[in-house]
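Work through the two exercises below with the sequence and the model in view, and follow each solution step by step.

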Amino acid sequence: MFILKKWSKLKTLNPQNLENQKTQVRKKIGQLLCEQGLINDSQLTGALESQKRTGKKLGQILLESGSLTSRQLIEALVEQIGLEKRNLDDISIKPEVLQEVPPELVTQYNVLPLEQHDGQLTVAMADPFNTEALQNLRLVTGCRIRRCYSSPAELEKAILKYYGSNVARMLKDLVPAEKNADAEMETNGELTPAKLHELAREPSLVNLVNLILLEAVEARASDVHIEPFENCVKIKYRIDGMLIEKSTSPKRLQAAILSRIKIMANMNIAERFIPQDGHIEFPTARGKIDIRVSTVPSIFGESVVMRLLDRNTAFIPLEELGMNKNTLKGFGHCLSKAHGIVLVTGPTGSGKTTTLYAALHKIYNPSLKIITIEDPVEYQLDGIIQMPVNPRRGLTFSRGLRHILRQDPNIIMVGEIRDRETADIAIRAALTGHLVFSTLHTNDAAGAVTRLIDMGVEPFLLASSLEGVLAQRLVRQICPFCKERYFPDPHLLESLTNSISFGPDAVFYHGRGCEECSQTGMKGRIGIFELLRITEPVRKLIAQRPTTDQILQAAPEDHTSMRHDGIEKILKGITTPEEVLRVTQGMEEDERTEVNGRTAAGTS
């Protein structure tokens, strides 16, 4: 692997001496890894024997066997050759040095230029043995490269500090100064496709769009919104569910920015008056990011939304979604059923797909045939057959589900039940020996039952097939870097709890705001859940076309509402009362709590 190619300085030696010195270096690396406790003697012996048979490098063998991680090997090599380690916390980098390396190279290779002197550029690298990165840096800068090592975490933080805010600066630099350039780039609908292609391929525009996407990835954004208005174009990121305006582009750059995005997404660059969908695979230091692109026409031009799908964050274990012990145990019991239907409900963006993926990942077994039909397939799941719907070709949820049943599946996931036909097929599949997962857009768990009956599903069929309904929302978590105790408004607590009151010993926390959370006080999200297990009393009630309140009255004793779960997370210092109230507003929590006769833990 490229991380072992650290002998470039030996090129001047004759071949025999070079081979001898390589062998000596390998032995030193092995000894060093043993001394650090990263591998043991038997692992080293086995790797050396494999090296004799295969001719591979020692580090490559240890990596392939799982005895060592690439990060451990890099750090061992850094220590072995005495490479300088740089702390990036208190550095100050001159603007002219930063301009030497384009942002796309910085993020692609996780490198940061530090200083320049007499034609030599000092660069901090997470992998100083990446020969491809070193070669590209030399070609782009025309300088000799002096490498040093910094940890990936420090580098990502420093890159965001020095390059993350460059979008606004680059936008200013891109504003055409001449009047003829203003007229040429103005979005008046007169630009030809050829001119749009020309504008979109300008290196400065390419760098700008790349930087917007890279900054969004570093900020943990789920979506990038590019919104056209009369005199400007606003660029916004959705971070932890909240839309935050990041920068404003001059109106004259609108056509070029949109054209560049369309080219990247393989969309029709000349069509500006009908909605379009596209897809981008965007490389970053952490791997490729899938981006779904949607455009719609507006009175001031096309509005663009780009959904960022990071494969590295797709698989969150079921245990880490935020369910309490009772909910996790009950949901696990639903997943263990041989047949039946399990529903996850909530509004758009509440994490339903993530929960279903976690559930499929939990129960996956090579002996089971698992097929999904989704709109669209957001993440690829190993060992699972995934089918995207395609309405233009007549492949809808209902039609796809019919064909899936002919594929001899054990488990089926339907991305969403949107109509009676899909609901009927899903329920009949559950009744004929299949375990079916799907989602619905309802406010709470009990509402899923009444929604399906309103769709026209026969109550007795629903009562026989339904095994559980999980309702959920996502709340933002308090930033751990600026978390502090505070005293919320009593009226807020009253609005949150109604018939419940917090005890005198209750402690509340919030985030005061810091650089780590962009001054929001919140960082990351976690789920709050309500699980309705379908017990015999509930099953009998469903057959009688019940109301939501009647279902809640018949719910098992361990049933808790989403707001109740949110209050528990408030008392654990995970989130704030304001956040729980925001995502559960409009729910009749006081009635539900009185029905079940319980209070939240830590309350009186």
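Angles under 35 degrees count as roughly parallel, over 145 as roughly antiparallel, 65 to 115 as roughly perpendicular and the rest as oblique. The model is predicted, so that local features need pLDDT of at least 70 and side-chain atom pairs pLDDT 80 or more, while totals for chains, interfaces and linings use all residues. Residues are numbered from 1 along each chain as its sequence is written, and side-chain values use heavy atoms, without hydrogens and water.

**Exercise 1.** Describe how α16 and α17 pack.

Step 1. Helix α16 (residues 397-404) and helix α17 (residues 420-431) pack with their axes 8 Å apart and at an angle of about 20°, where helices are DSSP runs of H or I with at least four residues, and strands runs of E with at least two. Axes are lines fitted to C-alpha atoms, for helices over the stretch in contact, with angles from 0 to 180 degrees between N-to-C directions.

Step 2. The two helices, α16 and α17, are therefore roughly parallel to each other.

Step 3. From α16, residues F397, S398, L401 and R402 meet E421, T422, I425 and A426 of α17, contact meaning heavy atoms within 4.5 Å.

**Exercise 2.** Determine the strand order of the open sheet of three strands.

Step 1. The order is β1-β2-β3, with mixed pairing, and two strands pair if DSSP finds at least two bridges between them.

Step 2. At the edges lie β1 (111-117) and β3 (144-149), each of which pairs on one side only.

Step 3. Strand β2 (residues 120-125) runs antiparallel to β1 and is joined to β1 by six bridges; V123 in β2 is the bridge partner of P113.
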